[in-house]
Amino acid sequence: MRHANPFIALAVIGLTACASPAKRRSPPEPSGPERCPKPEPAASTVAEARTFELGKPPLPEGVSCLRWPMPDFRKVSSEFRDPDHAFTPGKHAGTDMPAPVGTAVLAPAAGTVVRTLPVEPCRDAAVVVRFDEGWTYAAHHLSRVDVREGEKVVAGQRLGLSGGAVDAPGSGPWTTGPHLHFSLQRREAYVDAERYFCPQP
Ligand SMILES: [Zn+2]
């Protein structure tokens with residue numbers, strides 16, 4: 001897959017794998033009229049291609065911390081590089097935050113929307129925001145996208161609504177339940193977003 005900006009393409013490729021709300025190696029068998037195919041080889045290729053920054057590079061000047069994207073749901077069901085992740089053990093490129101479908105997802109920092117993926121059956125819906133040169137964050141498995149590419153957003157602005165229900169439009173194939181997959185990237189590398197969130201008020 002080729003894209004003008006390879007690291008953004010990787011961030012939003014639609015194969016973001018998530019486990020939530022419970023950690024489990026075998027996801028439940030989905031039910032319902034439409035089951036999304038799970039392209040196992042492609043997903044593992046994407047996971048292998050990921051690069052991780054294990055340190056804590058400082059945030060850009062003017063950004064002291066990131067706001068938690070769903071203030072009423074401050075839980076984590078699968079952490080960065082979770083060794084027990086259902087689909088990508090040790091390679092989980094973000095933080096999974098369980099929340100009911102339809103929870104408002106708020107911008108953790110001001111920036112510019114550089115990529116959106118729409119809500120479609122069996123596809124991962126996402127918003128990617130660049131908040132400084134080389135830094136982006138992304139919200140995945142959305143059930144609604146409220147911003148457009150090129151749009152400037154302020155901290156706390158609603159980016160969309162959370163999703164992640166199995167086989168729901170926008171969830172993509174890699175989810176085991178309602179949650180937000182939130183990822184943070186500096187240049188090509190994923191970094192642990194949990195280390196950057198503002199202290200709880
Ligand atoms: Zn995830």
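1. The chain comprises two helices and ten strands, where helices (H or I, at least four residues) and strands (E, at least two) are DSSP runs numbered from the N terminus. Along the sequence these elements follow the pattern α-α-β-β-β-β-β-β-β-β-β-β.

2. The model is predicted: local features need pLDDT of at least 70, side-chain atom pairs count only at pLDDT 80 or more, and totals for chains, interfaces and linings use all residues. Residues are numbered from 1 along each chain as its sequence is written.

3. Of the 201 residues in the chain, 41% are buried; a buried residue has 20 or more other C-beta atoms within 10 Å of its own, an exposed one 12 or fewer, and a partly exposed one a number in between, with C-beta atoms placed from the backbone. Of the contacts between residues at least 6 apart in sequence, 70% join residues at least 24 apart, a contact being a pair of C-beta atoms, placed from the backbone, within 7 Å.

4. Leaving aside residues up to four places away in sequence, Ala139 touches Pro69, Val105, Ala126, Val127, Leu159, Gly160, Leu180 and Phe182.

5. Thr136 lies in strand β5. Thr136 counts as buried because it has 23 C-beta neighbours inside 10 Å. Thr136 and Gly111, 25 residues apart in sequence, are 8.7 Å apart in space, C-alpha to C-alpha.

Key
Two residues are in contact if their C-beta atoms, placed from the backbone, lie within 7 Å.
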